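The following exercises concern a predicted model.

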Amino acid sequence: MSRWLALVVLSLAQLMDILDSTIVTIALPTAQRDLGFPADNRQWILTGYALAFGSLLLLGGRLSDFFGRKRMFLVGVGGFAVASAFGGAAGDFATLLAARIGQGVFAALLAPAALSLLSVTFAEDAEERGRAFGIFGAISGAGGAIGLLLGGVLTQGLSWRWCLYVNLFIAAVAFVGGIVVLRDGDRPARVRPDIAGTVTVVLGLIGIVYGLGTAELHGWSDLRTIGPVVAGSALIGAFVAIERRAAHLLLPLRVIMDRTRGAAYLSLGICGTGMFAVFLFLTYHLTTALGFTPVQTGLAFLPMIASVMAGAVFSGAVLLPRTGPRPLVPIGCVLAAIGMVMLTGSGYATGILPALLVTGVGFGLIFGPVQNAATSGVGPHDAGVAAALVTTAQQIGGSIGLAVFSSLAGDHVVFGITAVVFLVSAVVAATVFRPGPLPVNDMA
């Protein structure tokens, strides 16, 4: 029973982390008018969070391994709540931006700690593990849509500030629950940190995320876009070289060289590229083309939330322990691609609603199995960094998707290209994943 209570706590923290990426999107126009900052600065409220979150995830994962997953989880939840409180009370743009960066920093501690705690909590029984990851994956897949719904209700009914204050209630439950029900497990003795690897990978990820995040503003041919992306990619290459020789590794290459885990990270990165089209550009389409209010936009995503959860729980509890991820993830990607094609229809009831149902089931077949596979077969000393790579892959993929799709004209063009992205992911998953059920982890 305590393991399932732990799942509730971890899922709450994951929900807070995921929904914050979209809930603030809904609140931004109102916050801009209230605080009086120019429209060009709005992107930094999103980019500031993405920069801190994406660049520090690997470090956060390793800190979980070295200093304890439960400890980093509690620090992440508490710090995220404090940053949210400052953001909600912000009186100017600089304070709001600083709060968003703070949220990103603590989210980078929280996300890998939560996923690695889930992995070590459900390490022994394949069916229970599949069921738990199905539920956790459903939260991951539906969190963005829940954020749109909650953001619309809070912004329209109360204030944009409550889009940040709401985290205080979720964090309070997760923090107290974490103290009571979470168990850390064994962790290795503390060793000298990999300073060279840490600095290199953090700067590299900052360069990539920053360059991609400003591509819409500056254009793809601008040196301010190309320069950071190229420099960041070069630093990531240097990081790989460092990790081949370092005594105490930030990212042991054994984590990503495993065929199953490598396929999971690759699939997540490609799918993350396409997922932004579903939430961001469909939101634009609903509000501009169909004239939906923020609350109506959020409600429009409810059927998708239900189908994501149904697909994730069923695939995780029933299918994954028997088949492994190889058939499920490609099928999920094909369903997502079909949903993208269906989005080219005009009305909500005739085009968008059926597309959301199909896409939601596809996402459910992707997230639980991929998150399970990405953390399978690792020892407790690598669980944190393996979990960090899950969110890193999704974050980098999302940054690429946002940058590329924002430069395209027309929502239907975006949906069509996104369908191709999901089909590519289906081919990759079908080719690279190892057949058969996932191994049961041997973790303390």
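**Exercise 1.** Determine which side chains meet in a salt bridge, taken as a side-chain nitrogen of Lys or Arg within 4 Å of a carboxyl oxygen of Asp or Glu.

*Solution.* 
Step 1. The side chains of D34 and R161 form the salt bridge, with an N to O distance of 3.4 Å.
Step 2. D34 belongs to helix α1 (residues 2–35), whereas R161 lies in the loop between α5 (126–157) and α6 (162–181); the two are 127 residues apart. Helices here are DSSP runs of H or I with at least four residues, numbered from the N terminus.
Step 3. A search of the whole structure finds one salt bridge.
Step 4. D34 counts as partly exposed because its relative accessibility is 44%, where buried means under 20%, exposed over 50%, and partly exposed in between (1.4 Å probe, protein chains only).

Residues are numbered from 1 along each chain as its sequence is written. Local features need pLDDT of at least 70, side-chain atom pairs count only at pLDDT 80 or more, totals for chains, interfaces and linings use all residues, and side-chain values use heavy atoms, without hydrogens and water.

**Exercise 2.** Characterise helix α2 (residues 42–67) by its span, its bend and its burial.

*Solution.* 
Step 1. The 26 residues of α2 reach 36 Å from first C-alpha to last, close to the expected 38 Å (1.5 Å times one less than the number of residues).
Step 2. At L57, α2 bends by about 50 degrees, the angle between axes fitted to the seven residues ending there and the seven starting there.
Step 3. Because 19 of its 26 residues are buried, α2 is largely enclosed by the rest of the structure.
Step 4. G68 follows α2 and has a positive phi, near 110 degrees.
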